[in-house]
Amino acid sequence: MSIQKIMELSLGVPKKHKPKRAVKSLVASNFYVDGNLFIEVFDNIKKTDSMQHRNFRAKAIVDLAMSLECSLKSLVISLSKDSESPNDAYKKARKCSHDLRGLYEEVASRAKNRLAIKKINDEIFNDLKSLKVGSRYSFEVFLLRFQADKSKVFIGEDLISRTIDNPEWVSRLRSEAVTINKLAEQCHSKYLSKHAILSGAKFKKFDKELSNFLSSLR
């Protein structure tokens with residue numbers, strides 16, 4: 001047995017290499033790594049003095065929302081069937097845009113009988129839908145507060161008080177982002193990563209599929 005074969009066996013390389021899965025691996029891994037990086041950005045700033053300012057906290061929360069989005073898009077691609085091209089899987093993930101619930105429902109549909117996924121925190125997802133990515137803009141945060149029912153603002157039950165100004169809510173959001181990011185990494189490892197171990201003829205086939213994928217995005 002050649003050294004190459006021994007190495008492939010030790011790495012768990014599939015007997016039948018699927019270059020389309022290798023392309024999907026490239027895309028899905030970039031999404032879940034981005035999801036992890038958004039969490040890292042949040043963790044690096046969460047104890048800074050800047051977090052005392054509402055508008056800064058709002059931007060930090062958007063980072064966690066973006067982490068959820070990236071991780072869910074990674075899952076959509078990792079759970080795609082072989083009959084679905086890398087381009088179609090990518091477009092399906094991108095089509096959902098910032099719709100976190102839509103992304104989760106797409107993931108849940110694809111994961112059926114294949115991967116156990118936790119039920120999402122409905123409160124967190126509903127709040128994020130209300131906040132929208134627009135909350136990264138200070139004026140949008142101002143409007144949400146200004147247009148809120150004044151009686152709810154007084155007792156701390158308006159959207160801003162319940163979310164951006166609530167450390168417990170922010171902590172739960174971070175936990176949700178971490179959980180889904182870990183799931184994205186595990187799913188990628190289970191279905192795609194082994195097909196991204198390339199050498200010789202496998203690399204040539206991958207390169208051809210990658211070129212086809214990139215051309216389809218133009």
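Tutor: Let us begin with a single residue and its neighbours. In this predicted model, Leu72 touches Leu100, Leu103, Tyr104, Val107, Phe125 and Ile180, leaving aside residues up to four places away in sequence.

Student: Which residues have the most contacts inside the largest nonpolar core?

Tutor: They are Leu68, Leu72, Leu75, Phe125, Leu128, Trp169 and Leu173, in a core of 55 residues. Two or more residues of this core come from each of α2 (19-45), α3, α4 (86-95), α5, α6 (122-131), α9 (159-162), α10 and α11 (201-216). The largest share, eleven residues, belongs to α3.

Student: Is helix α3 largely enclosed or open?

Tutor: The general idea concerns how a helix turns. An α-helix has 3.6 residues a turn, so residues three or four places apart point the same way. In the present case, 21 of the 25 residues of α3 are buried, so this helix is largely enclosed by the rest of the structure. From its first C-alpha to its last, α3 reaches 36 Å, close to the 36 Å expected at 1.5 Å a residue.

Student: How many helices and strands does the protein chain have?

Tutor: The chain has eleven helices and zero strands. Of its 218 residues, 43% are buried. Among contacts between residues at least 6 apart in sequence, 78% join residues at least 24 apart.

Student: How does one look for empty space in such a model?

Tutor: Rolling a probe the size of a water molecule over the atoms shows where empty space is left. Here the structure holds one cavity of 30 Å³ or more, with about 60 Å³ of space in the largest cavity.

Student: Which residues line the largest cavity?

Tutor: The lining consists of Leu72, Leu75, Tyr104, Val107, Ile117, Lys118, Ile120, Ile180 and Leu183. Helices α3 (54-78), α5 (100-111) and α10 (167-191) each give two or more residues to this lining. By class, eight lining residues are nonpolar, none is polar and one is charged.

Student: What is the volume of the largest pocket, and which residues lie nearest its centre?

Tutor: The volume of the largest pocket is about 280 Å³. Among its 16 lining residues, His98, Leu100, Leu128, Lys129 and Lys132 lie nearest the centre. The elements giving two or more residues to the lining are α3, α5 and α6, and α3 provides the largest share, five residues. The lining has nine nonpolar, two polar and five charged residues.

Student: Which helix gives the most to the lining of the second largest pocket?

Tutor: Helix α10 gives the most, with four residues. This pocket holds about 160 Å³ of space, and its lining includes Phe42, Met51, Arg57, Asp165, Pro167 and Arg174. The lining residues divide into five nonpolar, two polar and four charged.

Student: Is Ser189 buried, partly exposed or exposed?

Tutor: A residue counts as buried under 20% relative accessible area and as exposed over 50%. Ser189 has a relative accessible area of 35%, so this residue is partly exposed. Ser189 is found in helix α10.

Note on methods:
Residues numbered from 1 in each chain as written. Predicted model: local features only at pLDDT ≥ 70, side-chain atom pairs only at ≥ 80, totals over all residues. Heavy atoms only, no water. 1 Å grid on protein atoms, 1.4 Å probe; cavity = no way out; pocket = protein on both sides within 12 Å on 5 of 7 lines; lining within 4 Å. Points joined across faces, edges and corners; volume = space filled by probe spheres on them. Nonpolar A, V, L, I, M, F, W, Y, C, P; charged D, E, K, R; others polar. Buried < 20%, exposed > 50% of the residue type's maximum accessible area, 1.4 Å probe, protein only. Core = buried A, V, L, I, M, F, W, Y, C linked by side-chain atoms within 4.5 Å. Contact = heavy atoms within 4.5 Å. Expected span 1.5 Å × (residues − 1).
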